[in-house]
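Colleague: Please take me through this model slowly. I want to know what stands behind each label.

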Amino acid sequence: MPETVTLSPPPVFFIKSISEQGYSLSTAIADLIDNSIAAEATRVEILFDYNSFPLKLFIADNGNGMDADSLTANMRFPSADLDIYRGQRDLGRFGLGLKTASFSQSRRFSVISKIGNEAYHGRTWDVEFLKTTEDWTLIVEPASFADETIKLFDKCSSNFHAHDSNFEVKTLVVWEQLYKLENQAKKFEIADEVDELRSHLGLVFHRFISTGKVQIRLNNQLLEGFEPFPEHEKGVQLVSENFWNTEDSYIRFQGIILPKRSAAEAKEGSLIWVPYGKTLDDMQGIFVYRNDRLISFGGWLKTISKSGWLQFARIRIDISNINDSQFHLNVAKSSLKLPFGLRKAMKEMVEYVTLQAGKEYKERQAAKVTRPSAGRSGLSLLTRETNGRGVTLRINPDFELIRQLETGLDADNATRLSILLQLIEGKINQLWTGEIDSATDVSEIGSKTRERMQRLKEYYMNAGYSWEEVRQFLTESFGHENAVINIIDNLT
Ligand SMILES: Nc1ncnc2c1ncn2[C@@H]1O[C@H](COP(=O)(O)OP(=O)(O)OP(=O)(O)O)[C@@H](O)[C@H]1O
Ligand SMILES: [Mg+2]
């Protein structure tokens, strides 16, 4: 037997450190709602009266509840082995969420719970108390505590409209000493957080809300679900579903491309395309659902980078808890990593969705820059043309200034003007498509363009430029493809 020394974690240090798992108010509350849903609750009531100090936050549900022994056991850090078998619909994984989420926002929290018609039991973790005992001492509350707490909960609810005095609490979590929020001295900052909370919960639990499995109320106001894949909206393109097979499951993924009108509508405040407080840009990317609960959104999980023109692209992935180890789910259940194999399997879908989203984006930009002022063609410098390559921008020959210039010029200068406009047009399209290396489609180079190249060569060489300089200029203007270089080298 080797010499040993027992090192138990000092509770206060441990609690403070382990609770910094990257939780926000929203992700912490979502972690508690996971527990309620896993306990088959059909209603969750969140009450947070930020006008009454000291601040308290209540999260109650009507789920299965816990008896005294399991309540005690479930207050332990962690309360279960990570590798235990969990039911297929269980939203938990670490045996930590209740404690870490609570301590991420509060320094004292209590849970009261009961099963069936039995009496309530109450347990409290309190950092101040732990400082005095210096051990993992959980407070076992007296029977009167539950009554008092339920009364407080009811009183808080009655401060808001739509108080439901018939709601029977099975499990109630109370957070006190909300040190993070109390530091935000200004009420409007807290109100902002509550708005963000409403939006976050409506998003991550939208599948439970829309199927009616659970009703979540925040300060007695029913939360509405936000569906990021509004496939039945006009103009939405749905890409056919695909799969990635792992040893014991298959993972579904599916892409969607929002119509370009969504950009203007989202800006005007429509809540079809974005949840409250978010932009299309925030909502691009891959959405991962674990047992129908949205875990990750708002980015591309290292498949590609975020970009303004991808604002119309979304892909959803459905996983279950048997895939957890492959996805590196974090304790706050707000982020994960895509396994390499899945990223590979999704490559084509990502490419397709981003290509289509790019088209929508460009068409929207093109529509904006080519919209004729006052509806008159003479006032529109650019027009657009849709062909096999997508949208190409053209300088409008009917633009009043161009028309006036053309009529005043002799034939030679008219040619110079026309070539100049074509060159500018080429540059505009290079910038606009992002295809800096191919100014012209080789197949589009007809006799007219050849004639222009010929004239350009003459104009520049007559002005004293060397053939090497002119040749470089022509390839940079018309393209580096062999076919184009061939034409350039055959100019006389
Ligand atoms: N609202 C609730 N109703 C009934 N049981 C609950 C409730 N909240 C927690 N529990 C029980 O307490 C246990 C511990 O919860 P906790 O959130 O700490 O861990 P977990 O849900 O098992 O895993 P994770 O850390 O991934 O959330 C749960 O597994 C569940 O059995
Ligand atoms: Mg949990």
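Modeller: What follows is a set of questions about labels, with the cut-offs behind them. This is a predicted model, in which local features need pLDDT of at least 70 and side-chain atom pairs count only at pLDDT 80 or more, while totals for chains, interfaces and linings use all residues. Residues are numbered from 1 along each chain as its sequence is written, and chains are lettered from A and ligands numbered from 1 in the order in which they are written.

Colleague: Why is Asp 324 called partly exposed?

Modeller: A residue is buried if 20 or more other C-beta atoms lie within 10 Å of its own, exposed if 12 or fewer, and partly exposed in between, with C-beta atoms placed from the backbone. Asp 324 has 16 C-beta neighbours inside 10 Å, so it counts as partly exposed.

Colleague: Where is Asp 324 placed, and what does Asp 324 touch?

Modeller: Asp 324 is in helix H11, residues 324-327. Helices (H or I, at least four residues) are DSSP runs, numbered from the N terminus. Leaving out residues up to four places away in sequence, Asp 324 touches Arg 93 and Leu 329; contact requires C-beta atoms, placed from the backbone, within 7 Å. Asp 324 and Arg 93 are 231 residues apart in sequence, with 8.3 Å between their C-alpha atoms.

Colleague: What makes H4 mostly covered?

Modeller: Nine of its nine residues are buried. Among them are Gly 97, Lys 99 and Phe 103.

Colleague: Which residues are closest to ligand 1?

Modeller: Asn 35, Asn 74, Gly 92, Gly 97 and Leu 98 are the closest of the 22 residues that surround ligand 1. A residue is near a molecule if its C-beta atom, placed from the backbone, lies within 6 Å of it. Helix H2 (25-38) and helix H4 (97-105) each give two or more residues to this shell, and H2 has the largest share, four residues.

Colleague: What is the largest nonpolar core?

Modeller: A nonpolar core is a set of buried Ala, Val, Leu, Ile, Met, Phe, Trp, Tyr and Cys residues joined through C-beta atoms within 7 Å. The largest one has 86 residues, and Ile 29, Ile 33, Phe 58, Ile 59 and Leu 201 touch the most other members. H2 gives the most to this core, seven residues. Ile 33 is in contact with Val 44, Leu 201, Phe 205 and Ile 216, leaving aside neighbours within four places in sequence.

Terms used:
Two residues are in contact if their C-beta atoms, placed from the backbone, lie within 7 Å.
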